[in-house]
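This briefing goes through one protein model, element by element. Keep the sequence and the 3D view at hand while reading.

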Amino acid sequence: MIRVTEEIKKKLQAELEELETELRIHLPREIKRAREYGDLRENAEYKAALERQQVVKARIAQLRERLSQIASIDLAQVPRDRAAYGSTLVLLDKERGETITYRLVTPEESDPQAGLISTTSPVGRSLMGREEGDEVVVQTPAGPRRFEILQLKTLHDELAEKAARDGESS
């Protein structure tokens, strides 16, 4: 889990560096070249370059904010007895009678088909702070769905299991 967070930080940092290079080097060249075409009021290349500059600046701000948020994840603050980031939950879909396993992850890690649910998604938000045995109603576009949490394994449980396995293999 910690490794995944580091991978996300590297991915976001790489995107940030790429956009900063575009903002500082490539876009000023495009804007300068477009200005040389003359009348700026009817210059599509100039307008497109300025629009791209605004998009890049906005994305850079988003990336910096997200990197700050990820850096501030304090595993000591992650609950040990309730669903939170890194938790794996086995749920019983009350209407369908089937079990589903979800892991609560950051939006960057989210892959619903693989059972990786963002903590900011409707399902993820509904599960946050819940305990084994709780019934949860999730509002979905298709209407409300009811789940029962059959099993909860927190990030701390998984780290303890990994440490025990690593200790056995030594």
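Two strands count as paired if DSSP finds at least two bridges between them. With that in mind, Thr-88 stands opposite Lys-153 in β5. The model is predicted.

- Five strands make up an open sheet, in the order β3-β2-β1-β5-β4, and their pairing is mixed.
- The strands at the edges are β3 (116–118) and β4, each of which pairs on one side only.
- From one strand to the next, the twist averages 45°.

**Strand pairs**

- β1 and β5 run antiparallel and are joined by six bridges.
- β1 also pairs with β2 in the antiparallel sense, over six bridges; here Asp-93 stands opposite Glu-98 in β2.
- The hairpin formed by β1 and β2 has four residues between the strands. Gly-97, in the turn, has a positive phi of about 70°.
- β2 and β3 run parallel, with three bridges joining them. Across this pair, Val-105 stands opposite Ser-118 in β3.
- β4 (residues 135–140) and β5 (residues 143–153) form an antiparallel pair over six bridges. Val-136 has Phe-147 as its bridge partner in β5.

**The nonpolar cores**

- The largest nonpolar core has 14 residues. The members that touch the most others are Leu-89, Leu-91, Tyr-102, Val-123, Leu-127 and Ile-149.
- Two or more residues of this core come from each of β1 (88–93), β2 (98–105), α3 (122–127), β4 and β5.
- Another core, of 10 residues, lies apart from this one; Ile-8, Leu-12, Leu-19 and Leu-67 are among its members.
- Leaving aside neighbours within four places in sequence, Val-123 of the largest core contacts Tyr-102, Ile-117 and Val-138.

**Helix α2 and its cap**

- Helix α2 covers residues 44–71, which is 28 residues. From its first C-alpha to its last it reaches 40 Å, close to the 40 Å expected at 1.5 Å a residue.
- The buried residues of α2 are Tyr-46, Ala-49, Gln-53, Val-56, Ile-60, Leu-63, Arg-66, Leu-67 and Ile-70.
- Asn-43 lies in the loop between α1 (2–35) and α2.
- Asn-43 caps the N-terminal end of α2, with a side-chain oxygen 3.2 Å from the backbone nitrogen of Glu-45. A polar atom of the Asn-43 side chain also lies 2.9 Å from the backbone nitrogen of Tyr-46.
- Is Asn-43 buried or exposed? Asn-43 has a relative accessible area of 4%, so it counts as buried, the cut-off being under 20%.
- Not counting residues up to four places away in sequence, Asn-43 touches Ala-34, Arg-35, Tyr-37 and Gly-38.

**Pro-122**

- Pro-122 lies in helix α3. Its relative accessibility is 42%, so Pro-122 counts as partly exposed.
- Which residues does Pro-122 touch, not counting those up to four places away in sequence? They are Val-138 and Gln-139.
- Pro-122 and Gln-62 are 60 residues apart along the chain, and their C-alpha atoms are separated by 21 Å.

Note on methods:
Residues numbered from 1 in each chain as written. Predicted model: local features only at pLDDT ≥ 70, side-chain atom pairs only at ≥ 80, totals over all residues. Heavy atoms only, no water. Expected span 1.5 Å × (residues − 1). Buried < 20%, exposed > 50% of the residue type's maximum accessible area, 1.4 Å probe, protein only. Polar contact = N/O pair within 3.5 Å; in protein donor to acceptor, adjacent residues only side chain to side chain. Core = buried A, V, L, I, M, F, W, Y, C linked by side-chain atoms within 4.5 Å. Contact = heavy atoms within 4.5 Å. Axes fitted to C-alpha atoms, helices over the stretch in contact; angles between N-to-C directions.
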